[in-house]
Amino acid sequence: ESPMTIAAEQFDGKILIEQDEISHPKGGKADQAPLSAPIKRLYYVSPHQGSGEFMPAVNPNVLKAIDSADTIIYSMGSFWTSQMASLILRGVGQHIQAKEVPKVKIENGKLDRETTGLNVMGELTHMYAALFSDNNPIDRYINNLIYLKESNIPIDTSLIEKYYGINTHGMNKLESHFMPEGKENEIWYDSIELARKIIETL
């Protein structure tokens, strides 16, 4: 099979190829600066197909895992290069919407390079566009959202609940005296409290 990679199109027209260029370039500090414009969409390209856009087939084991899940969790991580790279594959959204289970998005603790210019509503909108199938509303794909109240990611819970029908659950960050040395000012989840919050959504 032809090797493949991801590409991101920004709103200013710039194209970024491969995960490193999108999320964490390996050059100096200047390369770690926010993107010149927010990302508009993510897609797959193949160097052996003239770097043309194409859609790879989803691994059947992924669909089987979704079909047998009693909870679906969109966990923390790189929004575009980890989450969206999986969600845009054909069939993923159709299988997720068919499940009558909790579908929980756990929001990151802070903005990063690849989420330049995004708020939580924007992330949810991109996820909905990727997963959309059979004219279903967004809460067929995501019905609960967990976030940190101290996060610098803009969020309007009233809009999310009113227009998207998603239940929102705010949490306090891990207290600084529990943080590793040198990390006291960072924003982390308390893993025990996070587990409890997830269980509450079940």
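Glutamate 200 and lysine 197 lie 3 residues apart in helix 7 (residues 191-200), so about one helical turn separates them; helices are DSSP runs of H or I with at least four residues, strands are runs of E with at least two, and both are numbered from the N terminus. The model is predicted: local features require pLDDT of at least 70 and side-chain atom pairs count only at pLDDT 80 or more, while totals for chains, interfaces and linings use all residues. Residues are numbered from 1 along each chain as its sequence is written, and side-chain values use heavy atoms, with hydrogens and water left out.

**Helix 7 pair**
- The side chains of glutamate 200 and lysine 197 form a salt bridge at 3.6 Å, N to O (a side-chain nitrogen of Lys or Arg within 4 Å of a carboxyl oxygen of Asp or Glu).
- Glutamate 200 is exposed at 56% relative accessibility, whereas lysine 197 is buried at 19% (buried is under 20% relative accessible area, exposed over 50%, partly exposed in between, with a 1.4 Å probe and protein chains only).

**Other salt bridges**
- Glu9, Arg41 and Glu53 belong to one network of salt bridges with shared partners.
- The total for the model is 8 salt bridges.
- Lysine 105 pairs with glutamate 107 at 3.7 Å, N to O, and with glutamate 123 at 3.2 Å, N to O.
- The pair of glutamate 123 and lysine 105 links distant parts of the chain, helix 5 (residues 120-131) and strand 6 (residues 103-106), with the two residues 18 apart.
- Lysine 105 is buried at 1% relative accessibility, glutamate 123 is buried at 2%, and glutamate 107 is buried as well.

**Overall fold**
- The protein chain contains 7 helices and 8 strands.
- Its radius of gyration is 18 Å, close to the 17 Å given by the globule rule for 202 residues, so the chain is as compact as a globular protein of that length (taken over C-alpha atoms; the rule is 2.2 Å times the number of residues to the power 0.38).
- The C-alpha trace spans about 50 × 45 × 30 Å along its principal axes.
- Of contacts between residues at least 6 apart in sequence, 69% join residues at least 24 apart (contact means heavy atoms within 4.5 Å).

**Surface and burial**
- Buried residues account for 43% of the 202 residues.
- The chain exposes about 11000 Å², of which carbon and sulfur atoms supply 50% (Shrake-Rupley method, 1.4 Å probe).
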